[in-house]
Amino acid sequence: MEVFRHFILMICMPLLFLFLLPLVYSTLRDPVDHSTQMKKYIPDQTITYQSTESKISAQPSVDFDDRIKRSWSEGIDRLEVPVSNYLRFNYFETDQITQKMGDEEATSFNDTLLNSLISVRKTGDLVPIVLIDQSFNNAILVFQKNEGKGGFVGIFMSNEGTQKWKVNSIDKL
């Protein structure tokens, strides 16, 4: 039995060596085994999926738009300030205002506008309109409370020629 085991080892070892040598050599030469490496899947075309629900909610209701525009018009009429020299912006378009300002002034304007609005606005209040004079020194924020059924609020701000904006008053109109 010992002879048979010795015979197997003597014959199998060289054969095993002959078969394993190329494999060991290729691994040492190139450690990445390309036969098992998976190729990344890159789609030919990427399609953006948007659910029907989000498409519908992205389109504002005409009735809601009209209600906001009527509210803005009524709120502006209630102002006791001549607004003929004021530029008008939807609250969500205030980036058009800050683009005409330096970084420090734009930050101050946004912070003052947001903090003053947070202090008086509640859920259900309509979207404000922002009026800013052509010299970019005075701004008025007007909105209607309670989904267009309540009173109006006017937030009067100024920068008095400096880079810092401040709230002058918050008035019921």
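Which residues does Thr 112 touch, not counting residues up to four places away in sequence? In this predicted model, Thr 112 touches Met 157, Trp 165, Lys 166 and Val 167, where contact means heavy atoms within 4.5 Å. The setting of these contacts is described below, from the whole chain to single residues.

Residues are numbered from 1 along each chain as its sequence is written, and side-chain values use heavy atoms, with hydrogens and water left out. Because the model is predicted, local features need pLDDT of at least 70 and side-chain atom pairs count only at pLDDT 80 or more, whereas totals for chains, interfaces and linings use all residues.

The protein chain contains five helices and five strands; helices (H or I, at least four residues) and strands (E, at least two) are DSSP runs, numbered from the N terminus. From the N terminus on, the order of the elements is α-α-α-β-α-α-β-β-β-β. The average pLDDT of the protein chain is 76, and 64% of the residues score at least 70; pLDDT is the predictor's confidence in each residue, from 0 to 100. Among the elements, strand β4 has the highest mean pLDDT (94) and helix α2 (residues 52-58) the lowest (44). Over residues 40-62 pLDDT stays under 50, and the model has two contacts beyond four places in sequence for this stretch.

The five strands form an open sheet in the order β1-β2-β3-β4-β5, with antiparallel pairing; two strands pair if DSSP finds at least two bridges between them. Strands β1 (86-90) and β5 stand at the edges, each with a single partner strand, so one side of each is left without a neighbour in the sheet. Neighbouring strands of this sheet are turned by 20 degrees against each other on average, direction ignored. Axes are lines fitted to C-alpha atoms, for helices over the stretch in contact, and angles run from 0 to 180 degrees between N-to-C directions. Helix α5 packs on the sheet and touches β2 (129-133), β3, β4 and β5; the direction of α5 makes about 155 degrees with that of β4.

Strand β4 is joined to strand β3 (residues 138-144) by seven bridges and to strand β5 (residues 166-172) by six. Leu 141 stands opposite Ile 155 in β4, the bridge partner of Gln 144 in β4 is Phe 152, and Ser 158 stands opposite Lys 166 in β5. Seven of the seven residues of β4 (residues 152-158) are buried, so this strand is largely enclosed by the rest of the structure. Buried means under 20% relative accessible area, exposed over 50%, and partly exposed in between (1.4 Å probe, protein chains only). In a regular strand the side chains alternate between the two faces of the sheet. Both faces of β4 are covered, with Phe 152, Gly 154, Phe 156 and Ser 158 buried on one side and Val 153, Ile 155 and Met 157 on the other.

Beyond four places in sequence, Ile 140 touches residues including Leu 79, Tyr 86, Ile 155 and Phe 156. The side chain of Thr 112 reaches the backbone oxygen of Trp 165 at 3.2 Å.

Notes
A polar contact is a pair of N or O atoms within 3.5 Å; within protein, one must be able to donate a hydrogen and the other to accept it, and residues adjacent in sequence count only if both atoms are side-chain atoms.
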